Amino acid sequence: MLLEEHHFTAPQRASPRLLSLSLASRSEDLQWMGGTFSTGPNDNRELLSTLPVTPRSGRNLLRGLADPRGRVGRRGADCESMWRGLWTLVSRAARGPHSPRLCTRQGSGYRAPGSGATIFALSSGQGRCGIAVIRTSGPASGHALQSLTAPRDLPPARKACLRLLSDPRSREPLDRALVLWFPGPQSFTGEDCAEFHVHGGPAVVSGVLQALGSVPGLRPAEAGEFTRRAFAHGKLSLTEVEGLADLIHAETEAQRRQALRQLDGELGDLCRGWAETLTKALAHVEAYIDFSEDDNLEEGVLDQGGSPWGWEAETSGIQPPQVLLLSLSFPPSTADSEVRKLEVALGVHLRDARRGQRLRSGAHVVVAGPPNAGKSSLVNLLSRKPVSIVSPEPGTTRDVLETPVDLAGFPALLSDTAGLREGVGPVEQEGVRRAQKRLEQADLILAVLDASDLASPASCNFLDTVVIPAGARNPNGSRQRLLLVLNKSDLLPAGRSDLHPDLPSHLLLSCLTGEGLDGLLEALKKELAALCGDPSTGPLMTRSRYQHHLQGCLDALGQYKQAKDLALAAEALRVARGHLSHLTGGGGTEEILDIIFRDFCVGK
């Protein structure tokens with residue numbers, strides 16, 4: 001049975017006659033001037049239909065393309081080799097197991113468990129509220145909507161209508177609500193969907209949920225099942241799904257901005273651009289492999305600095321037509337440079353991966369200092385709640401107290417620690433040991449000193465052992481971030497500015513009056529922006545999964561550079577492209593998907 005027919009113009013200097021490609025259910029027939037050439041079965045006809053196709057067995061056809069009068073010469077042999085190489089490349093790309101397809105809007109290729117059923121759930125939060133939203137998704141959504149609003153017909157698509165909801169069995173009124181109808185595929189999940197905006201009392205919500213449960217073909221949704229169906233139908237890529245999860249859990253302004261940009265597809269677009277670069281490079285390597293079968297080009301190619309990109313194909317003046325997958329406008333001489341640029345870009349994002357993870361989970365900010373410097377008061381001030389006990393007695397805090405806070409729009413895990421001094425007892429000594437260990441793990445240290453007691457032995461020892469070493473650079477060129485805060489500035493004499501001749505850069509603060517808090521928050525904002533990254537500058541790698549696949553892609557590109565054989569170089573590019581495919585959702589295992597979707601609530 002004939003499915004579709006595509007026409008391709010022949011190359012320049014060839015016969016103006018058209019080459020017609022008919023795609024049948026189990027074979028492709030090349031029809032030209034009454035002759036038919038059969039090829040083997042192919043599972044990706046839609047992809048092949050966009051490419052110039054020539055079977056290996058059609059040598060007469062190739063000669064005809066090379067010379068409209070049918071004469072065979074060097075030019076015909078060149079053309080035959082070129083088109084046969086292209087056909088082999090296309091066949092490999094379509095059927096090979098090393099051709100992972102990136103997740104696109106046309107579908108992820110993944111089928112959600114139980115996706116044939118119709119699901120329903122409360123999408124808004126639990127508890128009493130003004131309006132509660134209940135949604136359904138699946139083929140029986142229209143029937144469910146009609147069952148609860150009978151005898152009324154379905155409302156117009158994507159238009160809110162006021163309806164009386166009734167129990168399908170007893171016809172007892174349940175509520176007067178707004179209902180919306182979203183026929184697939186123009187819906188969040190890509191399936192038929194319905195929404196019921198009911199009053200948010202527990203009795204109303206419970207009654208509507210029970211009524212939906214009585215409709216044949218409906219079942220309660222599992223956690224994250226709506227989003228999982230959206231992924232299965234190509235409405236969201238995997239990175240966009242994770243962006244949606246981060247948006248739901250966002251607690252700070254920076255987290256919200258980052259999650260929203262990822263949900264909009266910024267990270268997915270970046271990965272698809274990288275994959276396109278690798279696809280073009282792989283296409284050229286595959287083409288060179290096939291050309292070398294007749295022209296013995298491989299030895300010359302590998303002599304070009306061990307890279308397959310030094311050779312430029314000669315087509316004896318015969319220019320191939322434009323194709324979709326194999327873009328010959330991508331010059332072979334620049335392909336290697338594009339791969340090298342990609343390698344640099346991956347390295348930059350890998351170095352920034354820790355920043356993205358801090359933005360998602362929070363930077364570790366440790367408040368440290370000698371006893372009675374006001375550390376606990378500062379923690380309470382920044383967290384805006386009584387986290388730590390405040391007492392004039394030194395050594396009140398003997399353990400590490402942690403609290404998540406929003407510092408100038410960035411997430412942070414704020415830790416209050418024991419005062420650093422020689423312990424007077426085993427319990428305080430253990431507290432000091434734990435404080436010192438947290439200092440080693442800190443992303444940012446808030447070093448607190450008593451501005452009225454800088455000359456004390458405890459203050460001097462803290463400056464010498466913590467503040468000054470933190471400002472020195474490590475062997476790798478980095479340094480630990482530290483802000484020196486001089487608390488109790490309200491106890492200083494008026495107009496006094498020369499606190500200590502050798503004192504590093506510092507901020508004055510009074511936890512009692514709040515003076516200097518704005519300056520401290522501004523300094524914290526700058527430090528945390530450097531630690532967590534700025535979402536407005538580009539995509540951030542917020543999950544360890546991203547880091548794993550980027551590192552795998554980078555390692556494969558390293559193997560590509562070292563390859564002395566074209567086949568090994570092509571395989572390295574396939575592995576690199578496979579890591580990018582897994583990052584955006586193509587070929588992901590079900591175990592990984594289960595972990596990702598498990599973070600969603602039931603109604604999402």
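## Basis of the model

The model is predicted, and local features need pLDDT of at least 70, while side-chain atom pairs count only at pLDDT 80 or more and totals for chains, interfaces and linings use all residues. Residues are numbered from 1 along each chain as its sequence is written, and side-chain values use heavy atoms, with hydrogens and water left out.

## Overall picture

The protein has 19 helices and 16 strands, where helices (H or I, at least four residues) and strands (E, at least two) are DSSP runs numbered from the N terminus. Of its 604 residues, 51% are buried, a term that means under 20% relative accessible area, with exposed meaning over 50% and partly exposed in between (1.4 Å probe, protein chains only).

Among contacts (heavy atoms within 4.5 Å) between residues at least 6 apart in sequence, 65% join residues at least 24 apart.

The whole structure contains 23 salt bridges, each being a side-chain nitrogen of Lys or Arg within 4 Å of a carboxyl oxygen of Asp or Glu. One of them joins glutamate 242 and arginine 543, whose closest N and O atoms are 3.9 Å apart. This pair links glutamate 242 in helix H7 to arginine 543 in the loop between helix H16 and helix H17, 301 residues apart. Glutamate 242 is buried at a relative accessible area of 1%, and arginine 543 is buried at 10%.

Another salt bridge connects arginine 358 with aspartate 443, with the closest N and O atoms 3.2 Å apart. Here arginine 358 belongs to helix H12, whereas aspartate 443 sits in the loop between helix H14 and strand E14, 85 residues apart. Arginine 358 is buried, with a relative accessible area of 13%, and aspartate 443 is buried as well, at 11%.

Glutamate 430 and arginine 433 form a salt bridge whose closest N and O atoms are 2.6 Å apart. Both residues lie in helix H14, three residues apart, which is about one turn of the helix. Glutamate 430 is partly exposed at 30% relative accessibility, and arginine 433 is partly exposed at 43%.

## A buried arginine without a salt bridge

Arginine 135 lies in strand E6, which covers residues 129–137. Arginine 135 is buried yet has no salt bridge, and the nearest side chain of opposite charge, that of glutamate 195, is 4.3 Å away; in this count Lys and Arg are positive and Asp and Glu negative, while His and the chain ends are not counted.
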